[in-house]
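Here is a short report on one protein model. Please look at the sequence and the structure first.

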Amino acid sequence: QLSLFRLTMKRLFSTSRSSVDSKEMKKFQLLAHKWWDEEGEYSALHSMNEIRVPFIRDTLLNMSSNYQLGSPLSGVKILDVGCGGGLLSEPLGRLGASVTGIDPLEDNIRTADQHKSFDPVLAKRIQYKSNSLEEIVEECMETFDVIIASEVVEHVADLEMFIKCCSQVLKPEGSLFITTINKTQLSYVLGIVVAEKIIGIVPEGTHEWEKFVSPEELEHLLESNGFSVKTVNGMLYNPFSGSWSWMENTSINYAMHAVKSGAQGLSSPTDTLSEMGSEQPSATAGTTV
């Protein structure tokens with residue numbers, strides 16, 4: 001029965017449909033060598049680590065009593081989808097996690113592999129693959145404890161299929177973390193007009209407002225695909241200080257934590273722990289809305 005299920009899933013995901021948008025690939029191809037330039041086009045993603053890494057770490061620690069000092073995420077298998085040059089994979093690896101970073105752009109993976117090779121510890125904890133999410137579904141059924149899609153869903157071609165794939169490769173009661181941009185008039189003005197055209201902190205043409213997704217729409221997609229949304233937090237970027245902070249308002253950027261339902265779709269102890277822990281998304285800062 002299992003092999004029949006896998007065959008069915010393979011046929012389902014080996015169709016011509018893909019979550020990868022070829023236009024988006026061309027944009028990022030030009031910047032593949034610039035991931036680790038902290039003053040360059042990806043400077044805002046570098047500084048986002050100051051809040052997204054503690055958010056992921058502390059949410060997971062609040063759901064578990066079993067962790068080691070110094071390596072709090074030891075034993076946790078994480079999939080970093082759309083990992084780019086490894087900006088988020090590396091700090092998660094330093095926290096002890098076993099990280100698989102995937103990105104459909106080979107040049108991104110080359111950059112990520114090269115950078116991780118400078119640190120022997122990270123070289124063992126992180127592996128990178130030049131794949132789209134749907135390409136690894138068959139071999140990675142219910143493999144990961146955690147999936148992270150940070151600044152990714154606003155670039156995918158088929159968001160519902162993307163969420164379905166996340167569910168397939170995530171273990172029951174596993175966590176999904178998403179950060180993205182809301183679809184509001186304010187996000188258009190600040191995220192595209194100001195950020196791209198006026199200040200230039202993001203390369204022009206990076207984002208398409210039509211592909212932005214609201215927290216309500218994303219929550220609906222997640223809930224209808226077997227997830228329970230635990231936390232939604234607004235994020236604010238200050239272009240003058242180059243720093244991020246949490247805020248209650250989600251009208252520009254936001255972070256979301258969702259948990260895949262258990263095998264029977266019943267509430268589990270980790271669900272309860274998650275709800276308790278979600279009152280503060282980070283040990284350093286945060287607001288749950």
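The report goes from the whole chain to single residues.

**Basis**

This is a predicted model, in which local features need pLDDT of at least 70, side-chain atom pairs count only at pLDDT 80 or more, and totals for chains, interfaces and linings use all residues. Residues are numbered from 1 along each chain as its sequence is written, and side-chain values use heavy atoms, with hydrogens and water left out.

**Confidence**

pLDDT is the predictor's confidence in each residue, from 0 to 100. The protein chain averages 82, and 75% of the residues score at least 70. Contact means heavy atoms within 4.5 Å. Residues 264-289 also stay under 50, and the model has 54 such contacts for them. Where pLDDT is low, the predicted coordinates should not be read in detail.

**The whole chain**

The protein chain has 10 helices and eight strands. These are DSSP runs, numbered from the N terminus: helices are H or I with at least four residues, strands are E with at least two. Of the 289 residues, 53% are buried. Buried means under 20% relative accessible area, exposed over 50%, and partly exposed in between, with a 1.4 Å probe and protein chains only. Among contacts with a separation of 6 or more, 74% join residues 24 or more positions apart. The protein chain exposes about 13,400 Å², and carbon and sulfur atoms supply 53% of that area. Accessible areas come from the Shrake-Rupley method with a 1.4 Å probe; for residues, only the protein chains shown count as cover.

**Aromatic rings**

A search of the whole structure finds four aromatic pairs. Rings of Phe, Tyr and Trp (its six-membered ring) pair if their centres lie within 6.5 Å; planes under 30 degrees apart count as stacked, over 60 as edge-to-face and the rest as tilted. Two of the pairs are given here.

| Pair | Type | Centre to centre | Between the planes |
|---|---|---|---|
| Tryptophan 35 and tyrosine 42 | stacked | 3.8 Å | 0° |
| Tyrosine 237 and tryptophan 244 | tilted | 5.0 Å | 45° |

Tryptophan 35 and tyrosine 42 are both buried. Tyrosine 237 and tryptophan 244 are buried too. Phe55, Phe177 and Trp246 form one aromatic cluster.

A charge also meets a ring. Lysine 77 lies over the face of phenylalanine 144, at 6.0 Å from the ring centre. The rule asks for NZ of Lys or CZ of Arg within 6 Å of the ring centre and within 35 degrees of the ring normal.

**Single residues**

Histidine 46 sits in helix α3 (residues 43-62). Its relative accessible area is 13%, so histidine 46 is buried. Beyond four places in sequence, histidine 46 is in contact with Trp35, Trp36, Asp37, Glu38 and Leu87.

Valine 156 is in the loop between β4 (144-150) and α7 (159-169). Valine 156 is buried because its relative accessibility is 10%. Not counting residues up to four places away in sequence, valine 156 touches Ser19, Phe162 and Lys211. Serine 18 is 138 residues from valine 156 in sequence, yet their C-alpha atoms are 8.7 Å apart in space.

For cysteine 165, the nearest cysteine sulfur is that of cysteine 166, 7.3 Å away. Cysteine 165 has 0% relative accessibility, so it counts as buried. Cysteine 140 is buried as well, at 7% relative accessible area.

Definitions and conventions: A disulfide is a pair of cysteine sulfur atoms within 2.5 Å.
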